[in-house]
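Here is a report on one chain, written to be read beside its sequence and coordinates. Keep the viewer open while reading.

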Amino acid sequence: MNEQIQTSTVRVFIALAPPDEAKEELARELRSAYDAYPNMRWNRIEDWHITLAFLGELPVTTVPLLRAPLARLAAARPPLRLALRGSGCFDERVLWSGIDGDLEGLHLLATEVRAVVKACGVDVADRPLRPHLTLARSRRDDPDSVVEAAAGLAGFTGRPWQSERLHLVGSNFGRGPGPIRYRDIDAWSFGEGRAPRGGDGEGQGEGGGVECDERSSRSEA
């Protein structure tokens with residue numbers, strides 16, 4: 001976490017991540033698909049996430065401004081109870097697992113996250129939230145694999161789990177010929193519906209309204 005970024009920009013999104021036991025449960029369900037469709041580009045299990053807001057390419061100097069307001073938001077919100085369930089595909093090319101549980105709370109959290117980001121002067125697309133984990137992508141000449149894999153996973157129902165942290169994530173998308181890799185820039189634990197008071201703004205604050213910390217900071221993401 002908090003690795004030094006050597007480029008002037010970083011591709012950023014805000015997300016939730018299932019706990020390891022939930023990801024491992026789904027990975028066991030996927031074993032036959034891994035064997036049956038080896039030519040699909042499977043995401044690493046450690047990169048599975050539920051995107052709440054995609055911010056795109058940002059200057060590294062902008063990223064630190066998001067930290068304190070996102071920390072306050074997380075501290076003021078209780079964890080969400082969610083589960084992985086079923087599967088589907090986008091455009092016969094992207095295989096995903098669906099999300100079940102407190103979907104109303106998940107949509108509300110995404111709305112609040114996007115409001116915080118906009119208050120910091122960062123544009124974010126107002127696309128409807130379609131909660132999912134992206135599992136794999138097919139190659140352009142092989143649309144059938146994704147459809148068949150989704151059908152095989154349609155009946156999966158994972159055990160419920162709690163979303164413990166809000167993650168600010170960076171990716172190396174477009175930065176080389178290799179696969180996409182993700183890493184946490186920062187992450188904050190959810191509270192119990194009340195933000196802590198006092199402190200230096202790093203994960204603390206009085207909560208309430210949408211604010212952005214405009215103090216200068218290191219250009220570290």
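## Model and confidence

This is a predicted model. The chain averages a pLDDT of 83. A score of at least 70 is reached by 80% of the residues.

Two stretches call for caution. Over residues 1–5 the pLDDT is below 50. That stretch still has 20 contacts in the model beyond near neighbours in sequence. Residues 195–209 also have a pLDDT below 50. Here the model shows 29 contacts beyond near neighbours in sequence.

## Overall make-up

The chain has 221 residues, and 48% of them count as buried. Its accessible surface comes to about 11,500 Å². Carbon and sulfur atoms account for 46% of that surface.

There are five helices and nine strands. From the N terminus on, the elements run β-α-α-β-β-α-β-β-α-β-α-β-β-β. Consider the contacts between residues at least 6 apart in sequence: 77% of them join residues at least 24 apart.

## The four-stranded sheet

What is the strand order of the open sheet? It is E3-E1-E8-E9, with antiparallel pairing. Strands E3 (50–59) and E9 are the edges, and each pairs on one side only. From one strand to the next, the twist averages 20°.

Strand E1 (residues 9–16) pairs with E3 in the antiparallel sense, over eight bridges. Within this pair, Phe13 stands opposite Phe54 in E3. Strand E8 (residues 165–171) pairs with E9 over seven bridges, again in the antiparallel sense. Leu168 has Asp186 of E9 as its bridge partner.

Strand E9 (residues 182–189) is an edge strand, yet six of its eight residues are buried, so the rest of the structure largely encloses this strand. In a regular strand, side chains alternate between the two faces of the sheet.

## Helices on the sheet

Helix H3 (residues 63–75) has 13 residues. From its first C-alpha to its last, H3 reaches 19 Å, close to the 18 Å expected at 1.5 Å a residue. How many residues of H3 are buried? The count is 13 of 13. H3 packs on the sheet and touches E1, E3, E8 and E9. The direction of H3 makes about 40° with that of E9.

Helix H4 (residues 103–119) packs on the sheet too, touching E1, E3 and E8. The direction of H4 makes about 15° with that of E3.

Strand E4 (residues 80–90) and E5 run antiparallel and are joined by eight bridges. Arg85 stands opposite Gly98 in E5. The two strands form a hairpin with three residues between them. In the turn, Asp91 has a positive phi of about 55°.

E5 also pairs with strand E6 (residues 132–137), through five bridges and in an antiparallel arrangement. Leu95 has Ala136 in E6 as its bridge partner. Strand E5 (residues 94–101) is mostly covered, with six of its eight residues buried.

Trp48 is found in the loop between strand E2 (41–42) and E3. Is Trp48 buried or exposed? Its relative accessible area is 1%, so Trp48 is buried. Beyond neighbours within four places in sequence, Trp48 is in contact with Ala17, Pro18, Lys23, Leu26, Ala27, Leu30, Tyr34, Asn43, Leu133, Thr134 and Leu135. Ala15 lies 33 residues from Trp48 along the chain. The C-alpha atoms of this pair are separated by 9.8 Å.

Glu25 has its place in helix H1 (residues 20–29). Its relative accessible area is 15%. Buried means under 20%, so Glu25 counts as buried. Leaving aside neighbours within four places in sequence, Glu25 is in contact with Phe156, Thr157, Gly158 and Arg159.

How values were computed: Residues numbered from 1 in each chain as written. Heavy atoms only, no water. Expected span 1.5 Å × (residues − 1). Buried < 20%, exposed > 50% of the residue type's maximum accessible area, 1.4 Å probe, protein only. Pairing = 2+ DSSP bridges. Axes fitted to C-alpha atoms, helices over the stretch in contact; angles between N-to-C directions. Contact = heavy atoms within 4.5 Å. Areas by Shrake-Rupley, 256 points an atom, 1.4 Å probe, with all protein chains shown as cover. pLDDT = per-residue confidence, 0-100.
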